[in-house]
Amino acid sequence: QKFCKPHLPRWIHIDLSINKDSTGVTMGCVPGFAATNRGNDDFETMPQIRIDFQLRVIPPKGGEILYHKIRSLIYAIRERGINVKWVSLDSFQSVDMQQILRQNGLVTGDLSMDKTTLPYEVLKTAAYDGRVSAPAHKHCEKELVALEMNPKTLKIDHPPTGSKDVADSLAGVVYGLTMRREIWAEFDVPVVRMPGSLQMLMAKERERMKSESDYAGLLRKR
């Protein structure tokens with residue numbers, strides 16, 4: 001597969017599992033920014049998200065997903081000259097994985113889709129704006145269509161017989177790339193041109209990070 005602009009920094013989000021659910025893996029980058037018209041000539045400058053690939057890793061019958069194979073995939077992508085820089089994972093069983101990836105020069109951190117609805121809010125806005133470009137993935141499309149708000153927890157969830165592993169990995173990438181200030185700086189987009197709604201989200205996340213270790217390292221400059 002040919003990757004668009006290999007030098008651009010990539011974000012990978014992995015929605016981990018062991019032997020029951022599938023593991024979702026998505027990688028993407030920001031090739032540029034676009035002015036989005038919110039009406040009344042009110043334009044917002046927002047990142048365009050290009051998804052390189054999405055994977056659904058299904059555990060073998062009676063067996064477990066081998067995490068080292070997922071790491072090997074990441075290393076193989078880097079060896080092809082792709083600038084993989086950030087890897088976020090949900091907190092489930094991710095400590096060992098993060099340690100190993102950090103030892104190999106990647107910036108890692110926790111990013112859970114079950115603790116906050118913000119990643120899906122950012123994904124929804126980007127999708128409605130037409131700022132997300134991704135290869136067809138029927139299972140991810142099926143998951144996204146079936147997502148629902150849990151009235152008790154007020155979190156995004158899947159139906160009892162459904163899943164959201166690949167959808168979670170997509171939301172993680174879109175959210176991570178959108179919230180990373182370093183990317184805005186790389187394209188010379190000043191903070192004053194950030195939409196007020198996005199600045200509020202960033203402030204909200206900084207407050208949450210004061211009491212949690214949630215992907216703090218991913219949002220720090222490096």
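**Exercise 1. Find which side chains make polar contacts with the side chain of Thr108, and decide whether Thr108 is buried or exposed.**

Solution. Begin with the polar contacts, meaning pairs of N or O atoms within 3.5 Å; within protein, one must be able to donate a hydrogen and the other to accept it, and residues adjacent in sequence count only if both atoms are side-chain atoms. The Thr108 side chain contacts the side chain of Gln98 at 3.4 Å. A polar contact also joins the side chain of Thr108 to that of Arg102, at 2.8 Å.

This is a predicted model, in which local features need pLDDT of at least 70, side-chain atom pairs count only at pLDDT 80 or more, and totals for chains, interfaces and linings use all residues. Residues are numbered from 1 along each chain as its sequence is written, and side-chain values use heavy atoms, with hydrogens and water left out.

Next, take the accessibility. Buried means under 20% relative accessible area, exposed over 50%, and partly exposed in between (1.4 Å probe, protein chains only). Thr108 has 7% relative accessibility, so Thr108 counts as buried.

Thr108 belongs to strand E5; strands (E, at least two residues) and helices (H or I, at least four) are DSSP runs numbered from the N terminus.

**Exercise 2. State how many aromatic pairs a search of the whole structure finds, and classify the pair of Trp11 and Trp86.**

Solution. Rings of Phe, Tyr and Trp (its six-membered ring) pair if their centres lie within 6.5 Å; planes under 30 degrees apart count as stacked, over 60 as edge-to-face and the rest as tilted. The search finds three pairs. The ring centres of Trp11 and Trp86 are 5.5 Å apart and the planes stand at 45 degrees, so this pair is tilted. Trp11 is in strand E1 (residues 10-15) and Trp86 in strand E4 (residues 84-89), 75 residues apart, and the pair links distant parts of the chain. Both Trp11 and Trp86 are buried.

Phe33 and Trp184 form an edge-to-face pair, at 4.9 Å centre to centre and 65 degrees between the planes. This pair too links distant parts of the chain: Phe33 lies in strand E2 (residues 23-37) and Trp184 in helix H6 (residues 181-186), 151 residues apart. Phe33 and Trp184 are both buried. Together with Phe187, Phe33 and Trp184 form one aromatic cluster.

**Exercise 3. Work out how many helices and strands the protein has and what percentage of its 222 residues is buried.**

Solution. The protein has eight helices and eight strands. Of the 222 residues, 49% are buried.
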